[in-house]
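Let's take a walk through a structure together, one stop at a time.

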Amino acid sequence: MKPAPFAFLRPSTLEEALAALAGEQGAKVLAGGQSLVPLLSMRLAAPSMLIDINALPDLGHVRVAEDGVRVGALARHAEVLASAEAAQAQPLLGMALSHVAHPTIRNRGTTVGSIVHADAAAEMPMVLRLLEGSVDVVSVRGRRTIPAAELFAGPLESTLAHDEIAVEAFFPGLAPGAGVAFQEIARRHGDYALVGVAAHVETDGEAVTRARVGFVSVSDVPVVVDVTAAVQDPGGDPAATALAELDPAEDIHATAAYRTHLVKVLAPRVLAAATDHARSRAGEAIRP
Amino acid sequence: MTTKMFGAKVARVEDQRFLRGQGRYVDDLLTDDPRLLHSAVLRSPHAHARIVDIDVSDVLDVEGVVAVWTWDDLTGPMAEPLPLLIPHPSLTHGRTQYALAKDEVNYVGEAIAFVVAVDRYVAEDAVARIRVDYEFLKPVVGIAAARAAATAVHDDVPDNVGARMEQENGDARAAIATAPHTLTLDLDVERSACTPMEGRGTVARWDPDTSRLTVWSSTQTSTGVRGCVAAKLGLDLAKVDVVTPDVGGGFGVKINHPWPEELLVPLAAMTLGRPVKFTEDRREHFISSAHERAQQHHVEVGFDDDGRLLGLNVEFWHDHGAYTPYGLIVPIITSTQLLGPYKPANYRVVFESLYTNTVIVTPYRGAGRPQGCFVMERTMDAIAAYLGKDRTEVRATNFIQPDEFPYEHGLVFQDGRELTYDSGDYPASLVKLKELVGWDEFEDFRAEMAAQGRKVGIGLACYVEGTGVGPYEGAHVHVETSGKVKVATGLTTQGQGHQTAFAQIVADTLGVRFEDVEITTGDTRKMPYAVGTFASRAAVMSGSAIHLAALRAKEKALRIAAEALEASEDDLEIADGVVTVRGTDASIDLGTVAVLSNPLRYAFDEASKAATQFSVGDPGKPPVAEDDEPGLEGKDFYSPPRSTFANGMHAVIVETDPDTAEIKILKYAVVHDCGNLINPMIVEGQIHGGVAQGVGGALYERMAYDESGQLLNASFMDFLMPYATEVPTRIDIDHLETPSPLNPLGIKGAGEAGVIPSAAVFAAAIEDAEGFPIMSMPISPSELFDLRLAHADEPHPTEATPGI
Ligand SMILES: Cc1cc2nc3c(=O)[nH]c(=O)nc-3n(C[C@H](O)[C@H](O)[C@H](O)COP(=O)(O)OP(=O)(O)OC[C@H]3O[C@@H](n4cnc5c(N)ncnc54)[C@H](O)[C@@H]3O)c2cc1C
């Protein structure tokens, strides 16, 4: 379990990093290393060069503004989780991050790295999609913003070009009258979920105006399903609506039937919790 | 007198070192030696294949590679198969692998080539360049495939059966045929493994000037490794030293020896004239060390209206993997220890030990007992359910009673000796357990939970464990002139706290301060005669030997002190390292006694002047009497007639989530009887660790082999060893101390106990919560969900079929 040989570069400017990345087809970006290093050690990946971005300036921010939370490429899961401001602006961040691995891994792993790693079993790619956020990427060719809906191409595959570095993820804040909730079932505390479900619900008074549910580990990409119609219909079955777009698979920890069952159990629960959350926030907004 | 140390909750002195990261494990050794070389092994990626050709020509081109070995390069005993450590007449078709595969590979992970290089990175690069042509054979994976025998693992082993063994006491089948009630059960336990934190590892250094080989290995038997290394490399035993430094856990897997690397590393060190190291990585540990547990049982039982066992007939199939280096120990233990604390009037057991194209099977903490306990306790529960009786009542009906010891089962145990229990008080243990877990109040609790829409269940399981198997252990106790006491025993330490527990024994027996006692284990230079640390034997075997050796040292100290103090030995007592004439001020410290014990010509310090030729002795006699030896020392061995049998009972209350099928532990209770307790804190630590490992085995861990023999979960990502968050935060423990009459300290082993009843106790509790039988372990939420679906339409499902 030792990596194959690779060249190692630790640039101190973004320009240098981008140039190196553009110049070496087999190069890979190294952020927190919590996904990449195990792949190297098991020789499941053998990049010719690692470009370590940990010495780059100005990428460690967790910045909260009117419109939402901006997380820099070097902000660790633990830092995002610890930010009370971020939790205030977008409560789903903290709800989901507390399920991402264990404290030691969260101390190193980056939220942006997790998103561009595009693991369907990871919480944050789904959260970004559910919140309709985006990722800013740069390359020698320039800078662009990729909306979450266009970010995930396939299993462990993002739409970043080889020469692009993700510099920031943007999570929109939670609007008044909106609520979120997250639940997951994992075999052990901190493991990747067997099934994880988050809900984002918008309300207007008692009425639910929009309801969407995001899923972890139920398909090979992060999936978000709009279940507004099913929620608004008194006889509606949001889980069934969602399952029509999901593809639960069997692995050594769970059968497809069990995953399907967990979707049926968790989806209504998180929808109810998110609806309550939305109403309680609406209530709070009115109270003062 | 000093406070008695035996029985005291003395904090483990080794923990400071371990918890501060100051342990020294094999991989920490020789790291500053610039000549140290590292190794890596090419392992078979296929479960069953013939090796057509191995091409290593590209390997030596890799910069930093020093040497490469395949079977073709091995000579003499090294080219022969590895030893079959424990032969048995029933093991008619025993097979062992070669240090490097010859012609055929029989499991994914089997060693094929050995590369030595300047570091492990280069060694792995080189391994990747070895090209092997394989001719694929169909793999045999799992017990069903082995029994079907459509393919043979070894061409010359018919039906994949390595051994068939039968034992019977009475006539079980006849008893069942005439019994008022009968039941049949089919039960399954899956593969798991020890997975210690530290994997296997070996370092060897050859000194060409003295022709001496030193081997450091992460093993549970340094003497065993020494014997094998000397034999395989053709060295005189006296030229080989094996030292076991700190070991990061064994749990059984490191008792198997010699591993291929344990021979290849010394071979390379001798050939290359440079020290060589092998440090196993985690994936290697999963696919090339050893597993255990997989068995299938078919039980037929006949009983009366009280649930009394009239006849028990058990047939089982044991998956021993690709080879049988450790003989039949595991299935023999299952077949005998299955009986637990019960006395069926007639018992027959027959097993087949089967070859599969998977990793070898050797003892894992519990060593076949968890399976046996699972089978017996499931049977007890099935009988109780059938008769509508309380589960504890059926057990109590079948207990061996306290006045029936020694109790002979009429069977032969794993050590080739009669299965005779020495002592125990099972009824008393059961009373304690029921109280500890709240057995009689449980139905109220169940109702209370049901009112909240919650499902709970309770289960219990009892076991008896043969501990402290022979043949022997020895000890050497040496009182230095400083008064410090150096003790050596040959078995090894893998975290059990031997420094603490053994020092407690010496402190009491010899009358010295606990802090003055230093224990050395697992170093063949200090104690070349030893067996090893397994089968919960260290306290019983080495503890007893140390006690006996300390007694000898004490005898000698009293004799010399009596002379010096001009008193009778009977009037002397030793406390805190000082010999005193009882009731007087006259005293001499043990250091001075040590000085006097060793007549000297040369004084090397102030104290030793007292022992020089013009100071002591009768000039008319030899300075050392004919039947005496110089030095204040004691050496002795302990060899028991047979194992001593510890016992215990566990109970658990679980909650099963009605929606998600998740399984939560609400309460875990243990009543434990390992005879006299040397150190209750260490024993409870062993129980905690065992229970944690048992929770893993019952609810999380399994070896997920696919049909082609690939292990799909060969990492801690997917092999779900429980975290601190998955094990009970609290384990209620009560002790019973029924001394063993077989050893001078009245002790029994405690190392494996915690893990033995877990599969049984969790199956019982989940069954109780769910209302349908649990016949296969481990169980995951996904499997519980499947069972719920399968039993959804049955009002009173039962898997134990009435009749036979
Ligand atoms: C034991 C364990 C348990 C875990 N459990 C979970 C869990 O439950 N849930 C979960 O979500 N995650 C889990 N993780 C993964 C963890 O969250 C990682 O931190 C995360 O997936 C990747 O972040 P990183 O910074 O470590 O990325 P790295 O490992 O450094 O990189 C991952 C990939 O992303 C690329 N990359 C990283 N940053 C950038 C960037 N800025 N621009 C372009 N490409 C980039 C790399 O080239 C690489 O391909 C676990 C990890 C471990 C070791």
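Leaving aside residues up to four places away in sequence, Ala111(B) touches Val41(B), Arg43(B), Ala99(B), Leu100(B), Ala101(B), Pro260(B) and Ser288(B). Touching, or being in contact, means that the C-beta atoms of two residues, placed from the backbone, lie within 7 Å. Before going on, bear in mind that this is a predicted model, where local features need pLDDT of at least 70, side-chain atom pairs count only at pLDDT 80 or more, and totals for chains, interfaces and linings use all residues. Residues are numbered from 1 along each chain as its sequence is written, while chains are lettered from A and ligands numbered from 1 in the order in which they are written.

Back to our residue. Ala111(B) lies in strand E5 of chain B. Strands (E, at least two residues) and helices (H or I, at least four) are DSSP runs, numbered from the N terminus. Is Ala111(B) buried or exposed? It counts as buried, because it has 24 C-beta neighbours inside 10 Å. The rule is that a residue is buried if 20 or more other C-beta atoms lie within 10 Å of its own, exposed if 12 or fewer, and partly exposed in between, with C-beta atoms placed from the backbone. Tyr98(B) is 13 residues away from Ala111(B) along the chain, and their C-alpha atoms are separated by 8.4 Å.

Strand E5 (111-117) leads us to a helix. The buried residues of H2(B) pack against strand E1 (37-43), strand E3 (65-69) and strand E5 (111-117) of chain B. H2(B) is mostly covered, with six of its eight residues buried. Those are Val122(B), Ala123(B), Glu124(B), Asp125(B), Ala126(B) and Val127(B).

Now for where the two chains meet. Here 24 residues of chain B are in contact with 17 residues of chain A. On the chain B side, helix H2 (120-127), helix H7 (282-288) and helix H18 (781-790) each give two or more residues. H2(B) turns up again here, giving the largest share, four residues. The chain B side divides into eight nonpolar, five polar and 11 charged residues. In this scheme Ala, Val, Leu, Ile, Met, Phe, Trp, Tyr, Cys and Pro are nonpolar, Asp, Glu, Lys and Arg are charged, and the others, Gly among them, are polar.

Let's zoom out to the domains of chain B. The assignment gives domain 1 (15-137 + 194-288), domain 2 (360-469 + 641-796) and domain 3 (473-638). Such bounds come from an automatic or database domain assignment. The centres of domain 1 and domain 2 of chain B, taken over C-alpha atoms, are 36 Å apart. These two also touch: 15 residues of domain 1 of chain B are in contact with 14 residues of domain 2 of chain B.

Next up is a helix in chain B, H14 (residues 538-565). Just after H14(B), Glu566(B) takes a positive phi of about 50°.

Our last stop is the ligand. It is surrounded by 30 residues, and the closest are Gly32(A), Ala101(A), Gly109(A), Gly113(A) and Ala122(A). A residue is near a molecule if its C-beta atom, placed from the backbone, lies within 6 Å of it. H7(A) gives the most to this shell, with five residues. By class, the shell has 18 nonpolar, nine polar and three charged residues. Why does the ligand lie between two domains of chain A? Domain 1 (7-55) and domain 2 (62-172) of chain A both give residues to the shell, so the ligand lies between them.

How confident is the predictor? It gives the complex an ipTM of 0.95 and a pTM of 0.96. Chain B averages a pLDDT of 96, and 99% of the residues score at least 70; pLDDT is the predictor's confidence in each residue, from 0 to 100.
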